[in-house]
Amino acid sequence: MSHKRVSKRKAVIAVGGVAALGAAAFLLPHANASQDGSGDAAAVKTLKAGDASDLASRLQELLGDAFAGSYYDAAQQQLVVNVIDVSGDKNNVIVQAQKAGAKVREVENSTAELKTAAQTLKARATIPGTSWAVDPRTNQILVTADSTVTGGKWDRLESTVQSLGSGVATIKKSAGTFKTFASGGDAIFAGGARCSLGFNVTAGDGSPAFLTAGHCGVAAEQWSDAQNGAPIATVDQATFPGDGDFALVKYDDPNTQAPSEVNLGQQTVQISGAADATVGTQVFRMGSTTGLSDGQVLGLDATVNYPEGTVTGLIQTNVCAEPGDSGGSLFTQDGLAIGLTSGGSGDCTVGGETFFQPVTTALQAVGATLGDGGAGAGGGLGADDQVGGEEAGAGAGAGAEEGAGADAGAGAGEEAGAGQEAGAGQEAGADDQAGADQQAGDAGGNGGGHGKARGGNGGNGAGAGGH
């Protein structure tokens, strides 16, 4: 697929768009939702992931203090809701939850208890290279330590987890290093930095804009759709580190047409709105370095201690990502926006943990809106859909032509005055460049994939510099 250049005055960065460089992910068909309401009123319903997320939100309000989290059982296509203290259910809310179609199970740890445990971890074990998130499938907090957490740091983390009591938290080691995935090279540019565009939105004042990672937004103020090109968008708001990792970037031309879609190269997924993540849901990530990848949501309300500082309120997944993917879009096959790529460990060869900024939280914080109110416009992805082949080769070749690399990422970080972030980008660029598809990784080299940051071109402009 050719990448035709268009007038800058009409340029649009397509959501999450860039030709996939080696993902070759097969997208599963839509799950069929059973909504007929016939038969047993308490029968567990078969639900699509988006419908399960909506039901979980409603049941959280209904159950109140009895609610202890929920997750989506993808194999059974069912929503599982955790509850505590069912013996005192005077309002019969458990039966109501069952009638709504959820599978209800009783657990030991309440939401309040898990939140208290997370606060203890924050107070005693805020160590760079650690993270924790609530895993409703185990009804525990999942604590992860990367390869830098050794010696006294590991002992401190382990003793803190043990102090929480039996059955409250589990701890595991990660072979990689937690870092943001910003680097030099592709998709949207600022100086030597590259990041991925997440989702086009409408700002509170009605102007066209897009969301990307906050660590990209604090690294530079103006962004271009071509390396060394004229700026087309300016950062309006950015948060990183702290309560999230997100930025609102407004297009400089108020007449820019910013479609609510994710451009996968060979197909376009219409984004009808944003939704909260549900543990167990299959999700897809689009980024400028590695293109399209998929995986599952593993945990919610994650806290990640990056070298640059602590970030809270993230989504934990097993979807791979690499330098240059930061800010890229995380979405469902139903066309619902879920997250923005923040960071993690590993790469698309060995895997690892990845973290995403929830889109719903970012939209609320910056006062922006996304989607068309629910008109799907054929946003589904079919079983035969895949990304790769010619698109991957074209993207990789262009990426090499743009000539980006780890040095560019470091330069951008220095220009922004973020020394640690520059280091993270450089380290990631050197160590994690290989993609899931070796051919695409070899072709992309240091530059990653080349996705022109323009609407209508295959693989357009998403890919924030950091993973």
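Close-up 1. Asp 205 counts as exposed, with a relative accessibility of 54%, where exposed means over 50% relative accessible area, buried means under 20%, and partly exposed lies in between (1.4 Å probe, protein chains only). This is a predicted model, in which local features need pLDDT of at least 70 and side-chain atom pairs count only at pLDDT 80 or more, while totals for chains, interfaces and linings use all residues. Residues are numbered from 1 along each chain as its sequence is written, and side-chain values use heavy atoms, with hydrogens and water left out. The side chain of Asp 205 meets that of Lys 250 in a salt bridge (2.8 Å, N to O), a term that stands for a side-chain nitrogen of Lys or Arg within 4 Å of a carboxyl oxygen of Asp or Glu. Because Lys 250 lies in strand β14 (residues 246–251) and Asp 205 in the loop between β10 (199–202) and β11 (208–212), the pair ties together parts that are 45 residues apart in sequence. Helices (H or I, at least four residues) and strands (E, at least two) are DSSP runs, numbered from the N terminus.

**Close-up 2. Lys 250 and Asp 236.** Lys 250 also forms a salt bridge with Asp 236, and the closest N and O atoms of this pair are 3.7 Å apart. The two residues link distant parts of the chain, since Lys 250 is in strand β14 and Asp 236 is in strand β13 (residues 231–239), 14 residues apart. Asp 236 counts as partly exposed at 38% relative accessibility.

Close-up 3. The side chains of Arg 285 and Asp 325 meet in a salt bridge, with 3.5 Å from N to O. Arg 285 lies in strand β18 (residues 282–287) and Asp 325 in the loop between β20 and β21 (329–331), so the pair ties together parts that are 40 residues apart in sequence. Arg 285 counts as buried at 0% relative accessibility, and Asp 325 likewise counts as buried at 0%.

**Close-up 4. Strand β23 and its partners.** Five of the five residues of strand β23 (residues 354–358) are buried, so this strand is largely enclosed by the rest of the structure. Strand β20 (residues 309–317) pairs with β23 in the antiparallel sense over three bridges, where pairing requires that DSSP finds at least two bridges between two strands. Ile 315 has Phe 356 of β23 as its bridge partner. Strand β22 (residues 336–344) is joined to β23 by five bridges, and these two strands run antiparallel. Here the bridge partner of Leu 340 is Gln 357 in β23.

Close-up 5. The peptide bond from Phe 240 to Pro 241 is cis, with omega near -15°, and Pro 241 lies in the loop between β13 and β14. Gln 77, in the loop between β1 (67–73) and β2 (78–83), has a positive phi of about 55° although it is not a glycine. Gln 77 is partly exposed, with a relative accessible area of 24%. Asn 139, found in the loop between β4 (130–135) and β5 (140–145), has a phi near 60°, which is a positive value in a residue other than glycine. Asn 139 is buried, with a relative accessible area of 5%.
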